[in-house]
Amino acid sequence: MEAFETVEMSTDLLIVGGGMSACGAAYEASYWAKKNNLKVLLVDKAAMDRSGAVAMGLSAINTYIGIDRNENTPEDFVQYVQNDQMGTVREDLVYDVARHVDSSVHLFEKWGLPIWKDAEGNYQRAGRWQIMINGESYKVIVAEAAKNALGVDNIIERLFIVRLLTDANDPKRIAGAAGFSVRENKVYFIKAKAICCMCGGAVHIFRPRSVGEGLGRTWYPPWNAGSNYAMMAQVGAELAQMESRFIPTRFKDGYGPVGAWFLFFKSSATNAFDEEYIHNTDVLKPWAPYDSAKPVPTPLRNHQMMLESMEGRGPVFMRTERAIAALAEKYKDDPKEYKKKMKELESEAWEDFLDMTISQALLWAGQNIFPEEKKSEIMAAEPYFIGSHASHAGMWVSGPADLAPPEWNWGYNRMTTINGLFTAGDGVGCSAHKFSSGSHAEGRIAGKAAIKFLVDNPGDVNLDSSKFEGIKAEILKPLKTYEEGKSYTVTDDITPNYIRPKMFLFRLNKIMDEYAGGTSMWYTTNKAMLERALEELRMLYEDSKFLGASDLHELMRAWENYHRLWTSEAHVRHILFREETRYPGYYYRADYKEVLDQANWKVFTISRWDPETRKWSIRKEPVKEFLQP
Ligand code: SFD
Ligand code: AMP
């Protein structure tokens, strides 16, 4: 313990995280901070160049409205997102992203991101909202701009934040954060008058399909551990829509995305009997009016596909070979042109994965799959938590002053219910389909609002430094526990003296998978199962006191799993509270009738953990649809 230095720092704005939202926040906040003589500090648990979900790169930007080119309007986008999420998003937040997202994309291009162009020189559309990029270095490019804006002296990489701290005299006011370096023996206490907490989503809450030799291979990045939801909940900020888990349909085992195949290559997907699974529209009828939404909402598309497997008509295949053949068809009469086109399509097919999910390309190679010759299996993955894809879990935040109804605006855009605490991207609830570009834009919105908050509230905050030693001891406890217990066992992983993070993770995964509707249960649960989940999670909390870590890296793993535990509890509480299947294709409550209950559906579910009473409460908030035609 003595070997760990205590580092105390102070800043005006602290940005926690270095992903898409945080880079957006850093870029925008730096600009406004300079004008107002304020200090911005960014800390990331990894290295910004490759941290977060975009680490491997991306092959498409999924949110580009095309306002300047008269392609779509923000209203169109709101309608699309509202339909896709079956009527439960906040239109003020979605609209706000839509009106700003194109400018983030234009910045990416200016900073050097290659965006595909069509014959007229316009961005190459993959679908109505998506554009194609050469995105292997996407994150490096976006991080470089953020780093230039901040200046290297205002960035600390490889600093894992364990918890946020509120003001000593005001529990509703954010005042700082505590964490440790994953490379040096240092524990940090950072006083901050405002914080942008932008730590992405949560992976490995549920047991993944890839276990054993494939463990760690997930769709969303394995290092997004629910820090956003856990840390903000722990200081009493309200969570919203934590029942909205995300199940991505992916190329089986390598998790290669399907969007480009469906939209750009116009591929079909068929079951074991060569029938297109999306033709099974009868199964959507109970979910009216969303059964007739165009496009079919993502959860309902999943529902159609899951039924194929659940009812014995699997596996389901992406017909890559048919899609490529159809696209090359018109060149058939000219052998030279045909060969050229086939080569082009083949390289686009591989690039889609090489830009974004390299493991899928490796799997294709390993399984002798030539996409122009052979179909590939697709499968619904394990559940994840994110606020930026086709799901909308996150925090309940204040909306833009000009759009949000008064009760949804408490002064500062994207501020949580804790004063001075802002979030964006995967952290903002009720606002889906932001993706990489929208998360960056939302980060910029939040960063600017945080500086406005600082200008309006110049007073200092107070951290109770008498608590620092206790917090430091708590943060480092897993190292101590391991050190004291390790000599009493011959098997490092199995001992009554401590629980290693990996074992803790396995236990959490098992509880969530078996009781809270994971893949082994085909996403199905009920009241009694969820109550068992809560009971088991409670015992895991007790055992979290015995987490043991052999080095700094494992210390990070220990705290990541603690954050996962909090995220899990929030999710279980939300799906227990919702007395319905919401959303089919994401999870099923077997104890309620399979039907959309019109009278009770259109509400947001908002929960809060009270730091004083240490109890959870949940409430409903009616959805307001004011922007749709
Ligand atoms: O095809 C701490 N995403 C896609 N977006 C697109 O625009 N197009 C696509 O093609 C996309 N696809 C896709 C996507 C993601 C992945 C993994 C794949 C494919 C395989 C989604 C976007 O990536 C996503 O919307 C944004 O990245 C979300 O941004 P943000 O900022 O909310 O999260 P982040 O970028 O993951 O960053 C998180 C940061 O937090 C840090 N961090 N730092 C300190 N202390 C802690 N305790 C911390 N915990 C986390 C992380 O290091 C990171 O910097 S497709 O599938 O749709
Ligand atoms: P994915 O690769 O599944 O993450 O999808 C990338 C983008 O394409 C996202 O904007 C999805 O919502 C969209 N998308 C994927 N599949 C379909 C589909 N079958 N119909 C309409 N949109 C889709």
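How do the residues of the shell around ligand 2 divide into nonpolar, polar and charged? They divide into six nonpolar, five polar and two charged residues. Here Ala, Val, Leu, Ile, Met, Phe, Trp, Tyr, Cys and Pro count as nonpolar, Asp, Glu, Lys and Arg as charged, and the others, Gly among them, as polar.

The model is predicted: local features need pLDDT of at least 70, side-chain atom pairs count only at pLDDT 80 or more, and totals for chains, interfaces and linings use all residues. Residues are numbered from 1 along each chain as its sequence is written, chains are lettered from A and ligands numbered from 1 in the order in which they are written, and side-chain values use heavy atoms, without hydrogens and water.

Around ligand 2 there are 13 residues, of which Q130, R250, P257, G259 and H389 come nearest. A residue is near a molecule if one of its heavy atoms lies within 4 Å of it. Helix α6 (residues 259-264) gives the most to this shell, with three residues. Helices (H or I, at least four residues) and strands (E, at least two) are DSSP runs, numbered from the N terminus.

Polar contacts are pairs of N or O atoms within 3.5 Å. A polar side-chain atom of H389 lies 2.9 Å from an oxygen atom of ligand 2. A polar backbone atom of V258 is 3.3 Å from an oxygen atom of this ligand. In the side chain of R301, an N or O atom is 3.4 Å from a nitrogen atom of ligand 2. Taken alone, ligand 2 exposes 480 Å², and the protein buries 86% of that. Accessible areas come from the Shrake-Rupley method with a 1.4 Å probe.

Ligand 1 has 37 residues around it, with S21, D44, A60, S388 and S436 coming nearest. By class, this shell has 18 nonpolar, 15 polar and four charged residues. A polar side-chain atom of R250 lies 2.8 Å from an oxygen atom of ligand 1. The side chain of S227 places an N or O atom 3.1 Å from a nitrogen atom of the ligand. For K45, a backbone N or O atom lies 3.2 Å from a nitrogen atom of ligand 1. Alone, ligand 1 exposes 1100 Å², of which the protein buries 98%. Two or more residues of the shell come from each of α1 (20-35), β3 (58-61), β6 (159-167) and α11 (435-456).

The domain assignment, automatic or from a database, gives domain 1 (249-380) and domain 2 (477-596). Their contact (heavy atoms within 4.5 Å) takes 13 residues from domain 1 and 11 residues from domain 2.

Notes: A polar contact is a pair of N or O atoms within 3.5 Å; within protein, one must be able to donate a hydrogen and the other to accept it, and residues adjacent in sequence count only if both atoms are side-chain atoms.
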